[in-house]
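Here is a short walk through one protein model. Keep the sequence and the 3D view at hand as you read.

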Amino acid sequence: MAVNRIDQIKFKEGMQNDMPFIAYTDGACRGNPGPGGWGAVLIQNQFYTVMSGYSAQTTNNKMEMQAAIEVLSFIPPNSTISITT
């Protein structure tokens, strides 16, 4: 089965509460503290979307955690998810 990328709006519209999600997340910064960013790939069924963000002054640990927080905030409450950080 192929997995197709779609934007976050279409992904959210098509989410199915009874189907599990898979997420891969990462975060980093230049210097510690320093400017940093986070990214995530969120998958459900045959679709995935990409999420990302940044902070002007942060630590690598904050960005690692922010990636997971953003994914969990995006999906419906009580969803089943497997997160790899």
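The buried residues of α2 pack against α1 (8-14), β2 (21-29), β3 (34-44), β4 (47-58) and β5 (81-84). Buried means under 20% relative accessible area, exposed means over 50%, and partly exposed lies in between (1.4 Å probe, protein chains only). Helices (H or I, at least four residues) and strands (E, at least two) are DSSP runs, numbered from the N terminus.

The model is predicted: local features need pLDDT of at least 70, side-chain atom pairs count only at pLDDT 80 or more, and totals for chains, interfaces and linings use all residues. Residues are numbered from 1 along each chain as its sequence is written, and side-chain values use heavy atoms, with hydrogens and water left out.

Now look at α2 itself. Helix α2 spans residues 60-74, 15 residues in total. From first C-alpha to last, α2 reaches 22 Å, close to the 21 Å expected at 1.5 Å a residue. That expected span is 1.5 Å times one less than the number of residues.

Which residues of α2 are buried? They are Met63, Ala67, Ala68, Val71 and Phe74. These residues sit on the same side of α2, because they cover an arc of only 135 degrees around the axis. The arc is taken from the directions that run from the helix axis to the C-beta atoms. An α-helix has 3.6 residues a turn, so residues three or four places apart point the same way. Turn to the face of α2 away from the buried side. There you find the exposed residues Asn61, Lys62, Met65 and Ser73.

Next, pick out Leu42. Its place is in strand β3. Is Leu42 buried or exposed? Leu42 is buried, with a relative accessible area of 0%. Leaving aside residues up to four places away in sequence, Leu42 touches Phe11, Phe21, Ile22, Ala23, Phe47, Tyr48, Thr49, Val71, Phe74, Ile75 and Ile81. A contact means heavy atoms within 4.5 Å. Leu42 and Ile83 are 41 residues apart in sequence, and their C-alpha atoms are 9.1 Å apart in space.

Finally, step back to the whole protein. It has 2 helices and 5 strands. From the N terminus on, they run β-α-β-β-β-α-β. The C-alpha atoms fill a box of roughly 40 × 25 × 20 Å, taken along the principal axes. Of the 85 residues, 28% are buried. Among contacts with a separation of 6 or more, 60% join residues 24 or more positions apart.
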